[in-house]
Amino acid sequence: MSIMRFIRPDFWNADHESTGPYKNLFDYQRIWRLSFAVLVVVSIVPLVMMAFVDFNVTRGSVESDSLLKTERLTSNARRSIAYFLNERESALKFIVKENSFQGLMESGRLEKILASLKDSFGGFVDLGVIDKDGKQLAYVGPYELEGKEYKGQAWFRQTEKKGTYISGAFLGFRDVPHFFIAVKCSGEDGCFYILRATLDTSQFNGILASMDISGGGDAFLADTEGIIQTPSSWNGNIFEKVRFPLPEESYNTKVSQIKYNGKDQALVGYAYIEGTPFVLLVVKPLSMLMASWEKTRDTIFWATFMSAALIVVVIWIVSSYMVERIYIADLTRSKTLQKMEHHNRMASIGRLAAGVAHEINNPLAIINEKAGLLKDLFTFSKEYEADDKLIGLIDSVLRSVERCGKITKRLLGFARQTDFKIEPLKPGEVIDIVLSFLNKEAQYRSININVTVADGVSSIETDKGKLEQILLNLISNAFQAMRDGGNLQIGVAPENEDEVVFSVSDDGCGIPEADLKRIFEPFFSTKKNTGGTGLGLSITYGLVRDLGGRMNVDSEMGRGTTFRFALPVKHPELGKD
């Protein structure tokens, strides 16, 4: 089966106007559509469902993994920052506990303590002692801040009230980003002083920079007002406002999904660090987190699409092949039944014709004998021997009897040709026999019949009955297509050394081009409304093939039709013998 026959098999052009109780059994397009649809549904639907489930499972797995990683990363960073601040706060509390106010007021002592803090912890910039009136009485560090007044500032009141205070990052008198930790020390007489240590933000930045944030993420600190405290990759500069609303306050690590820039989605891991104004924010764009899933999704999509396309193509081919096999089997069975029906019909007609001819021959013989006797009596009688009119009437009776005898002999000969028999035949004689059955109709309709047998054609070896049947069918069809007074050309010419071509050409109405491809199909007829069965040309085509020949047709609307069939000069079966 060629590719085009897979795309549009022969059954697609079959007659779909059959009627009867089982007409659906022969609607091959319907059978093909039904089988194709069922196979596609049972094959594609499970595949699509599996792909859909895989999409969602994979997406859920990637989202869950991203949430878990972001939460774990944020939690680790929160503990590191809290430990960093608690460690330094505890160091300051230890200093005020182990040193008296007078000891801290000694500049040499305070310098030694600052040096020890830098060596042990790092990040300390300066150290100062502030009395209960908010005046910085002692200071060691790179700036000249001794004597500064802090009583009116909020951090001083918070430290006095709570005992400790951790500030957010700010510029202050130094004009560089820094933050400080203040620890209150109460005396027995109700007086107190505050030890304040300033730290730079570089160690904060180092902690955040050391985080392994994949997928284009960003980690930074903001204060509770949303002001960025440490450098950020793409969420703004330090001391700018965060570009999205801060999540609700929570000292436990949480992850939520937000929309930033008005359209993009992102995962935000966050935690408020207790006892400080800091909020840790880890932001990961969802598009980057889902990039690996999108790549997997595209792979699954194309794999599913290609698989579905391959399945559809295979189903198309298999459905076409199977329905085509059914169509060919039905066609073969139908042709076999037609042949059997035709043979049975011809046998019945032959028996009937033989019986009729036999019954007619007997009275014809009596008429012939009686008329001969009358002619002899009249011939030898002197009274009537000169009566030419009477003798002419008797001769007319004898000629009519002779003609009827020839007709009955032809009928008997035609009826006896039911068995397949290969014998040498002269094409011109066979054509004359066939035309003898149709001459009266031709004379009545004034149809001019011209028979041409080429000189090179002497005889062929074939079955007489089948050849007569072929010619009879073609000439009868030509008569039906022609108007009264038309012309019919019957020709016989050699095709080559091995074949002889018979042609039957009429000048009738012609056959539409769309019907030319189907006129040899069984039950195809353009004359169903006038009683046509659509079997004549199909049977004729089968008879030509039985004789080892081939057949074709040329037609032009309004100009006429020519049927040609080529037969072997020597039949193959006779050659085997």
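What share of the 577 residues in the chain is made up of buried residues? In this predicted model, local features need pLDDT of at least 70 and side-chain atom pairs count only at pLDDT 80 or more, whereas totals for chains, interfaces and linings use all residues. Residues are numbered from 1 along each chain as its sequence is written, and side-chain values use heavy atoms, with hydrogens and water left out. Buried residues, with under 20% relative accessible area for a 1.4 Å probe and protein chains only, make up 40% of the chain.

The chain contains 14 helices and 16 strands, taken as DSSP runs of at least four residues (H or I) and at least two residues (E), respectively, and numbered from the N terminus. Of the contacts (heavy atoms within 4.5 Å) with a separation of 6 or more, 61% are accounted for by residues 24 or more positions apart.

Four strands, in the order E6-E9-E8-E7, form an open antiparallel sheet, where pairing requires at least two DSSP bridges between two strands. Strands E6 (218-223) and E7 (254-260) stand at the edges with a single partner strand each, so one side of each is left without a neighbour in the sheet. From one strand to the next, the twist averages 30°, with angles running from 0 to 180 degrees between N-to-C directions of axes fitted to C-alpha atoms, for helices over the stretch in contact. E7 is joined to the antiparallel strand E8 (residues 264-272) by seven bridges, and Ile 258 stands opposite Ala 266 in E8.

Helix H2 (residues 28-98) lies across E6, E7, E8 and strand E9 (278-285), and runs at about 155° to E9. Helix H6 (residues 202-209) also packs on the sheet, where H6 touches E6 and E9 and makes about 145° with the direction of E6.

Notes. Buried < 20%, exposed > 50% of the residue type's maximum accessible area, 1.4 Å probe, protein only.
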